[in-house]
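Here is a short briefing for a reader new to this structure. Take a look at the model, then read on by topic.

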Amino acid sequence: MSAQVRQGYKQTELGVIPADWKVLPLRDLLTHGRLGGNYSNSEVEQSKPLVKTGILARGYFQLEKIEYIPDRKIADPEHRLRFGDVLFN
């Protein structure tokens, strides 16, 4: 027996979503995808924080787990986070 879906929502293969949303493959939504670099890291606080999958939580970064790229290492500008980036692991 399925649960009643509230007005303004619809049941999809992904679950209940607002009625005016569409379910699309991720490839239809992304304008650009990229992987990060493979950087050595340190727990000592430095100027370049390293975002690894272990710090991603549901909607926020777990900052107590953050590591850093050593200041002596030059990080590729392509690997910097930009406004609008979507992160997932």
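The protein exposes about 8100 Å², and carbon and sulfur atoms supply 53% of that area. Accessible areas come from the Shrake-Rupley method with a 1.4 Å probe; for residues, only the protein chains shown count as cover. This is a predicted model: local features need pLDDT of at least 70, side-chain atom pairs count only at pLDDT 80 or more, and totals for chains, interfaces and linings use all residues. Residues are numbered from 1 along each chain as its sequence is written, and side-chain values use heavy atoms, with hydrogens and water left out.

**Overall shape**

- The radius of gyration is 19 Å, whereas a compact globule of 89 residues would have one near 12 Å. This radius is taken over C-alpha atoms, and the globule rule is 2.2 Å times the number of residues to the power 0.38.
- Along the principal axes, the C-alpha atoms fill a box of roughly 60 × 30 × 20 Å.
- Of the 89 residues, 17% count as buried. Buried means under 20% relative accessible area, exposed over 50%, and partly exposed in between (1.4 Å probe, protein chains only).
- Among contacts with a separation of 6 or more, 46% come from residues 24 or more positions apart. Contact means heavy atoms within 4.5 Å.

**Helix and strands**

- The protein has 1 helix and 4 strands. Their pattern along the sequence is β-β-α-β-β. Helices (H or I, at least four residues) and strands (E, at least two) are DSSP runs, numbered from the N terminus.
- Strand β1 (residues 9-12) pairs with strand β2 (residues 15-18) in the antiparallel sense, over 4 bridges. Two strands pair if DSSP finds at least two bridges between them.
- β1 and β2 form a hairpin, with 2 residues between them.
- Threonine 12 has glycine 15 in β2 as its bridge partner.

**The nonpolar patch**

- Leu24, Leu26, Leu29, Leu30, Val86 and Phe88 form a nonpolar patch on the surface. Together they have about 620 Å² of accessible area.
- Like charges are joined within 9 Å, and nonpolar side chains (Val, Leu, Ile, Met, Phe, Trp, Tyr) within 5 Å.
- Phenylalanine 88 lies in the segment after β4 (67-69). Phenylalanine 88 is exposed, because its relative accessible area is 60%.

**Alanine 75**

- Alanine 75 is also in the segment after β4. Alanine 75 counts as partly exposed, because its relative accessibility is 29%.
- Leaving aside neighbours within four places in sequence, alanine 75 is in contact with Tyr39 and Ile69.
- Alanine 75 and asparagine 38 are 37 residues apart in sequence, and 9.7 Å apart in space, C-alpha to C-alpha.

Note on methods
Patches are made of residues with over 30% relative accessible area and no salt bridge: like charges are joined within 9 Å, nonpolar side chains (Val, Leu, Ile, Met, Phe, Trp, Tyr) within 5 Å. A salt bridge is a side-chain nitrogen of Lys or Arg within 4 Å of a carboxyl oxygen of Asp or Glu.
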